[in-house]
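Me: I am new to this one. Please walk me through it, feature by feature.

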Amino acid sequence: MLELNFFNGVALLLVVVVVGVWRKRSQPKPMESFLVSSAPKDTVVLHQYGAAPSVPSISPFVMKLETFLRVADIPYVNKFDRWPGPKGKLPWIQYNQLAVPDSQMCIEFLNQERCIDLNKKLSVQQSALGHLIRRTCEDSLYWVLLMWRLVFDTNSTIYNRMSIPKPIIWYMRRLAHGRLWSQGIGRHSEQEVTKMMEDDLAAISRMMGEHKFLFGDSRDCVTEFDCALFGQLCQLVWQMPGCPVQENIAKKYPNLVNFCENMKTAFWPDWDDRLLQAAGTASCK
Ligand SMILES: N[C@@H](CCC(=O)N[C@@H](CS)C(=O)NCC(=O)O)C(=O)O
Ligand SMILES: *[C@@H]1O[C@H](CO)[C@@H](O)[C@H](O)[C@H]1NC(C)=O
């Protein structure tokens, strides 16, 4: 048993105070404190990171949400302010004096507000499948992407291309290592993580077959699930410099690369104008 003496008492008090302050800090903040910019009525303000070298955003979730805004034809303006939203993450949106965090919650909120349903043509079974694909992308592939960018690529190639200062890269890596370890994937080797990714991609690739999009070939078959898939895949296909992932996908799953090309052509005519044109790295695809 721990003896309660003066030093233990002080240590205990310190722990209680620190935990108390920490808990208070992590309480959700009132939404009003996030209304940092004004926008015309019924226009979405999309808060996101700055530009990236090969895909308009470094974040798969930003790509998902911005693609959704385009597919659903919702007027929006970008704020490249890296301002973390009500839940401390990006992306988040502001809409008519409301702040909404989380890409998926933003989509569901906008669906309600504007009577949108990109999935309305899907059968019950297709919707269920779409849901499972989205989860695979966001709760499995996303972690694989982080492992490559922040653990296996010891050169931090993508972050260096974005000219992020070295100490910040160091801090990001440190933070990520802890999170990836807690999530569990951080305990696996490069070979094991590659296998996980291959299994996910193979399943999605078989599911897609020769279709242009997940559930069909025409632009109006594009669903929320295509946006979620595109968000993650476009990163793996185009924005993983320093990682063998990119080459691997192009060789093994050309239909997934085609899917990305199709989404890009259909909804991102301004893709190239949106890329970060850092000196000497204009074409890093
Ligand atoms: N479930 C969230 C995930 C968003 C997310 O993980 N965003 C990352 C960037 S890709 C982020 O903000 N990370 C900063 C942090 O975790 O502190 C969504 O769908 O929006
Ligand atoms: C880091 O860069 C060096 C020099 O370009 C290269 O030899 C090495 O393989 C790279 N490391 C990784 C993990 O990509």
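Me: Where is the place of P101?

Reply: Some ground rules come before that. This is a predicted model, where local features need pLDDT of at least 70, side-chain atom pairs count only at pLDDT 80 or more, and totals for chains, interfaces and linings use all residues. Residues are numbered from 1 along each chain as its sequence is written, chains are lettered from A and ligands numbered from 1 in the order in which they are written, and side-chain values use heavy atoms, with hydrogens and water left out. Now the case: P101 sits in strand β4 (residues 98-101). Helices (H or I, at least four residues) and strands (E, at least two) are DSSP runs, numbered from the N terminus.

Me: Is P101 buried or exposed?

Reply: Start with the cut-offs. Buried means under 20% relative accessible area, exposed over 50%, and partly exposed in between (1.4 Å probe, protein chains only). P101 has 9% relative accessibility, so P101 counts as buried.

Me: Which residues is P101 in contact with, leaving aside neighbours within four places in sequence?

Reply: Contact means heavy atoms within 4.5 Å. P101 has P86, K87, W92 and C106 as partners on that count. G88 is 13 residues from P101 in sequence, and their C-alpha atoms are 8.6 Å apart.

Me: Which peptide bond is cis?

Reply: Look at omega. From L90 to P91 the bond is cis, with omega near 0°. P91 belongs to the loop between β2 (76-79) and β3 (92-95).

Me: What is phi in N96 and in S156?

Reply: N96 has phi near 45°, positive in a residue other than glycine. The loop between β3 and β4 holds N96. S156 is not a glycine either, yet its phi is positive, about 45°. S156 is in the loop between α4 and α5 (157-161).

Me: Are N96 and S156 buried, exposed or partly exposed?

Reply: N96 counts as partly exposed because its relative accessibility is 33%. S156 counts as buried because its value is 4%.

Me: Which residues touch the most other members of the largest nonpolar core?

Reply: In soluble globular proteins, nonpolar side chains tend to be buried together. A nonpolar core is a set of buried Ala, Val, Leu, Ile, Met, Phe, Trp, Tyr and Cys residues joined through side-chain atoms within 4.5 Å. Here the largest has 75 residues, and F68, I93 and F230 touch the most other members. Helix α4 (residues 124-152) gives the most to this core, 11 residues. Domain 1 (2-114) and domain 2 (124-274) both contribute, so the core lies between them. Those domain bounds come from an automatic or database domain assignment.
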